[in-house]
Amino acid sequence: MDRTVRTVEDVLALLDGLFASESGTDRLATGDGKNFWDRFYADRSRPVPFFVAKPDENLAAYLDQGLIAPGRALDLGCGAGRNALFLASRGFEVDAVDLSPMAVAWGEDRAREVGVDVRFLCGDAFTLAATELSGPYDLVVDSGCFHHLPPHRRISYLSLLDRVLAPGGHLALTSFAAGEGGMGSELADADLYRKRGLQGGLAYTPESLRWVFSDMVEVELRRMREEPPESALFGVTFLWTALFRRGAASAISGDVRPVHDLA
């Protein structure tokens, strides 16, 4: 008989287990996501659109429009580092984290090839020690991590932002878009637990993103612009792009305190 739940983190870990992939399948999962993403990034020659070393078009636009300025940046779910390398080339001091050793190794190779300095970290951003993701960061970039989280891990996500994002700092987010021309599952949160699967990733509406990040100031929220193959930027229209700013003295997660404070 197991009695494993004592803290909020124990509850979150228990819920993670509901989404563990079944043996012999490639179903996208949480809890054992490292193995999935290692397989995903193992073949660097695969024609995956975001394997190309191009930054998100919205991220470049934020810099060009003066909406963000160089400072300390954290790239969550950095993959092979395309956005991290871009930010480093534009004067940011960049930490980049990913679950997959394969992805991190590719990012490190790319950084050496182009001669930029990025501090890559391999692990789960929610469990890395504060000494690893020390903050404060002026910018947190998330291009495709948030929409692969199960609903209960939004708590961990907001708690992480609470801890590492500087007052006045920005979150630059891209996520699957619900509706026509979008991508991702539109199942209700409760149904995801009944199905015990993330259906390849979760679609969001603008209203749902505004609700999740309601303790932040919306700077911009729009569809990502399509970029042609010859462009130096990455852009596909099935994603939302959003820029949120943390208030000068407000907590991001509202009445949700960091997990360690609830334990």
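To begin, what share of the contacts with a separation of 6 or more comes from residues 24 or more positions apart? Then take me into the largest nonpolar core.

Author: This is a predicted model. Residues 24 or more positions apart account for 70% of the contacts with a separation of 6 or more. The secondary structure comprises 9 helices and 7 strands. The radius of gyration is 18 Å, close to the 18 Å that the globule rule gives for 263 residues, so the protein is as compact as a globular protein of that length. Its C-alpha atoms fill a box of roughly 55 × 45 × 40 Å along the principal axes. Of the 263 residues, 51% count as buried.

Now the core. The largest nonpolar core holds 34 residues. V140, F146, Y157, L171 and F213 have the most contacts inside it. Several elements each supply at least two of its residues: the strands β1 (72–76), β4 (137–143), β5 (165–176), β6 (216–223) and β7 (239–246), along with the helices α6 (153–164) and α8 (206–212). The largest share, 5 residues, comes from α6.

Take V140 as a way in. L171 is itself among the residues with the most contacts inside the core.

Note on methods: Residues are numbered from 1 along each chain as its sequence is written. This is a predicted model: local features need pLDDT of at least 70, side-chain atom pairs count only at pLDDT 80 or more; totals for chains, interfaces and linings use all residues. Side-chain values use heavy atoms; hydrogens and water are left out. Helices (H or I, at least four residues) and strands (E, at least two) are DSSP runs, numbered from the N terminus. The radius of gyration is taken over C-alpha atoms; the globule rule is 2.2 Å times the number of residues to the power 0.38. Buried means under 20% relative accessible area, exposed over 50%, partly exposed in between (1.4 Å probe, protein chains only). Contact means heavy atoms within 4.5 Å. A nonpolar core is a set of buried Ala, Val, Leu, Ile, Met, Phe, Trp, Tyr and Cys residues joined through side-chain atoms within 4.5 Å.
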